[in-house]
Amino acid sequence: MKVSILIDSSSLMLTYSAGLLSDVIRWYEVLIPTSVYEEITVPDKPGAEYFQDLKKEGNLQILNSPAGLHLVKEEYKAELLKMGQGERDIMIHVLTGRGSFAVVDDLLAARFCVKCDIPFINALLLPKILHLAGVISLDEFRSSLSNLENRGRYSNGILARAKSFTAIDLEQFFPPKNI
């Protein structure tokens with residue numbers, strides 16, 4: 001059985017443009033809220049038709065908008081309201097038990113994940129995770145990582161932090177090998 005992940009629009013667009021999304025979909029059940037799907041399928045947006053096809057093929061699972069902020073602890077509501085709709089919906093879904101972890105490239109969402117002990121990564125770590133898990137080759141890892149580094153807006157600190165993670169640090173995000 002695949003591990004379910006919730007992924008934001010920027011991470012989806014980055015993995016798509018880096019040529020990594022097909023590997024992500026092969027190894028994970030990709031869940032996205034309706035708000036994220038609407039963001040990535042705007043007509044004439046790069047990849048819009050591809051994402052529509054993924055949905056039709058059952059490779060993108062679209063989640064209804066979460067039930068709402070009333071399910072979230074009062075102390076988290078103000079922070080959630082500062083996020084974009086897609087990131088907020090992802091955080092609410094994770095807090096209410098959907099998905100094993102989140103893939104977010106948004107700083108507010110990442111900080112929220114840290115505060116709430118929500119397992120998360122950014123898109124930059126996906127090729128490293130897939131390579132360390134033994135499901136993509138070293139060449140695929142290098143190519144995908146280079147593409148993500150060139151397309152993403154990652155600070156030198158984020159790039160250095162991503163390089164410092166070991167297999168032990170990341171194994172909770174590995175896909176199961178028996179797919």
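Ser35 is buried, with a relative accessible area of 11% (buried means under 20%, exposed over 50%, partly exposed in between, using a 1.4 Å probe and protein chains only). This is a predicted model, in which local features need pLDDT of at least 70 and side-chain atom pairs count only at pLDDT 80 or more, while totals for chains, interfaces and linings use all residues. Residues are numbered from 1 along each chain as its sequence is written, and side-chain values use heavy atoms, leaving out hydrogens and water.

You will find Ser35 in helix α3, residues 34-40 (helices are DSSP runs of H or I with at least four residues, strands are runs of E with at least two, and both are numbered from the N terminus). Beyond its neighbours within four places in sequence, Ser35 is in contact with Gln85, Gly86 and Asp89, where contact means heavy atoms within 4.5 Å.

Now let us follow the chain to Asp44, in the loop between α3 and α4 (48-56). Asp44 is exposed, at 83% relative accessible area. Its phi is near 70 degrees, a positive value in a residue other than glycine.

Look for Asp117 in the loop between α7 (107-115) and β5 (120-121); with 69% relative accessibility, Asp117 counts as exposed.

One more stop is Glu57, which sits in the loop between α4 and β3 (61-63). Glu57 counts as exposed too, at 53% relative accessibility.
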